[in-house]
2 protein chains.
Amino acid sequence: MPEDVNGPQSGSSTECRAELPVLDRGVVHERADAARNRLRVLAAAERLFAARGVAGVTMDDVAAEAGVGKGTLYRRFGDKGGLAVALLDAREHELQQRIISGAPPLGPGAAPGARLAAFTEAYLSLVAAQLDLVLLSETSTPGARFRTGAFAFWRQHCRYLLSGAGTPQADLRADLLLAGLTAEQVRHWLDDERRDLATLAAGLAAAALALARPAR
Amino acid sequence: MPEDVNGPQSGSSTECRAELPVLDRGVVHERADAARNRLRVLAAAERLFAARGVAGVTMDDVAAEAGVGKGTLYRRFGDKGGLAVALLDAREHELQQRIISGAPPLGPGAAPGARLAAFTEAYLSLVAAQLDLVLLSETSTPGARFRTGAFAFWRQHCRYLLSGAGTPQADLRADLLLAGLTAEQVRHWLDDERRDLATLAAGLAAAALALARPAR
DNA sequence: GCATGAAGCGGACTCTAGTCCGAATCTCGC
DNA sequence: GCGAGATTCGGACTAGAGTCCGCTTCATGC
């Protein structure tokens, strides 16, 4: 396991540091060739994934399409999951912004319960829209899910809202809610059980509220 | 993906068919050599896993230790996860029996909420006791978790209890609760966050009850 | 400019899961 | 018993993820 996963790469999130853990791994000095290759790889991966599906693309394919060696790929992104994380970065960041400074009920201003329900629906739809990538990012390595910066953000947000709602053991319940929003689980509901996304979102939002209610 | 995963192998669960989906794939005719090899493989796997840990054992190792070809291994168990499922079979079956015909609050007789809490704790401790095997069985293949017979049992049981408690969307919430009991999640709580098993059990049982409460 | 050391590069290599198919073995009807 | 046909066996083979390390390229101080 490399220590440099997603090195300098998400270089646009510095506001909001005080409140929530948004990562901006030091935007130290990225060498020109490194930057060029990073962009090439990301573009190549996006192209290939779109064309052949995430499962139909090997790391060799990505390296070849990007005109880069495999070593470069791995030095940069750690593993296949790291590549997925990098590709998801923009979308996740956008949702993070809506949470931090967007309009209620997702953004600040609404009651914690309402915000939690809104978050549940918004996050579910992000996952559903990028199912394969999220799945890859969560399962490439055991426990990968818990190690991404994005996860830390979602968890922290849920904990905050649950605490605000007076929920006992907010930490645990935040994890429980997020466990239900795993790509694997969402895929199961959507594909295997053929549930309707909107209905699922409503059901999960209701469940989140049940979880949030303070002890009687 | 083979179609014969875990063929004739869990040949001891026929009672309780009416109430819950316990699988006993036809105990048709297992050839003598096949039976001998199945036992050898299971014994070899148990030995190796105990000695070197699940992660430190390859399928080649198991085949060699069992004195059997790799083809045999795969024909029999489908993949590494199938082997784990077979190894877990006995333990899971025992819990299933306690649920079906054991003493309350786990067994019949107690109120649905109490049974749900008891199930949560009992299942959590089963998972914790066999973390590596359960992890393997759940993650060897995407969606593997949802395909095992054992999972169908746990889910059905939770659905039944939640319905009995008057919970809206019992199906969805059963899945949500079980999502919090995946090996990945449990491992995270136990190993990464170093939570205490007993406290975790209590917290999850409480969360299960919150999930179970009927809409106000 | 240019020397120099650090960072980045890339492709050959390893390791393991999973597949395939000819050969061996078993079961059943006679 | 015994032959026929299906089932099982087993090890060589494939594919793809991830590692390694000598070579190249860059950025900085002079």
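## Salt bridges across the structure

A salt bridge is a side-chain nitrogen of Lys or Arg within 4 Å of a carboxyl oxygen of Asp or Glu. Counted over all chains, this structure holds 20 of them. What you are looking at is a predicted model, in which local features need pLDDT of at least 70, side-chain atom pairs count only at pLDDT 80 or more, and totals for chains, interfaces and linings use all residues. Residues are numbered from 1 along each chain as its sequence is written, chains are lettered from A and ligands numbered from 1 in the order in which they are written, and side-chain values use heavy atoms, with hydrogens and water left out.

One salt bridge to look for pairs Glu193(A) with Arg155(B), whose closest N and O atoms are 3.1 Å apart. Glu193(A) sits in the loop between helix H10 (183–192) and helix H11 (197–212) of chain A, while Arg155(B) belongs to helix H8 (residues 149–164) of chain B, so the pair joins two chains. Helices (H or I, at least four residues) and strands (E, at least two) are DSSP runs, numbered from the N terminus. Glu193(A) is partly exposed, with a relative accessible area of 25%, whereas Arg155(B) is buried at 13%. Here buried means under 20% relative accessible area, exposed over 50%, and partly exposed in between (1.4 Å probe, protein chains only).

Within chain B, Glu65(B) forms a salt bridge with Arg47(B), with the closest N and O atoms 2.4 Å apart. This pair links distant parts of the chain: Glu65(B) is in helix H2 (residues 59–66) and Arg47(B) in helix H1 (residues 32–52), 18 residues apart. Both partners have a share of open surface: Glu65(B) is partly exposed at 36% relative accessibility, and Arg47(B) is partly exposed at 46%.

Asp192(B) also forms a salt bridge, with Arg187(B), and there the closest N and O atoms are 3.6 Å apart. Asp192(B) is partly exposed, at 45% relative accessible area, while Arg187(B) is buried at 14%. Elsewhere, a network of salt bridges links Arg155(A), Arg159(A), Asp171(A), Asp175(A), Glu193(B) and Arg195(B).

## The fold of chain A

Chain A has 11 helices and 0 strands. Of its 216 residues, 53% count as buried. Contact means heavy atoms within 4.5 Å; among contacts in chain A between residues at least 6 apart in sequence, 64% join residues at least 24 apart. The chain exposes about 9,600 Å², and carbon and sulfur atoms supply 54% of that area. Accessible areas come from the Shrake-Rupley method with a 1.4 Å probe, and for residues only the protein chains shown count as cover.

Leu172(A) is in helix H9 (residues 170–179) of chain A and is buried, at 3% relative accessibility. Leaving aside neighbours within four places in sequence, Leu172(A) is in contact with Trp189(B), Arg195(B), Leu200(B), Gly203(B) and Leu204(B).

Gln130(A) lies in the loop between helix H5 (112–129) and H6 of chain A, and at 15% relative accessibility it is buried. Not counting residues up to four places away in sequence, Gln130(A) touches Leu88(A) and Arg91(A).

## An enclosed cavity

A cavity is a set of points on a 1 Å grid over the protein atoms alone where a 1.4 Å probe fits but cannot get out, and lining residues have an atom within 4 Å of a point. Grid points are joined across faces, edges and corners, and a volume is the space filled by probe spheres set on the points. The count comes to 1 cavity of 30 Å³ or more, and the largest cavity holds about 150 Å³ of space.

Its lining has 15 residues, with Glu92(A), Tyr123(A), Glu138(A), Thr148(A) and Phe151(A) nearest the centre. By class, the lining has 9 nonpolar, 3 polar and 3 charged residues. Ala, Val, Leu, Ile, Met, Phe, Trp, Tyr, Cys and Pro count as nonpolar, Asp, Glu, Lys and Arg as charged, and the others, Gly among them, as polar.

## Backbone details

Most residues other than glycine have a negative phi, and most peptide bonds are trans. The peptide bond from Pro104(A) to Pro105(A) is cis, with omega near 5 degrees, and Pro105(A) lies in the loop between H4 and H5 of chain A. In chain B, a cis peptide bond joins Pro104(B) and Pro105(B), with omega about 5 degrees.

Gln169(A), in the loop between H8 and H9 of chain A, has a positive phi near 50 degrees. Gln169(B) also has a positive phi near 50 degrees.

Conventions: 1 Å grid on protein atoms, 1.4 Å probe; cavity = no way out; pocket = protein on both sides within 12 Å on 5 of 7 lines; lining within 4 Å.
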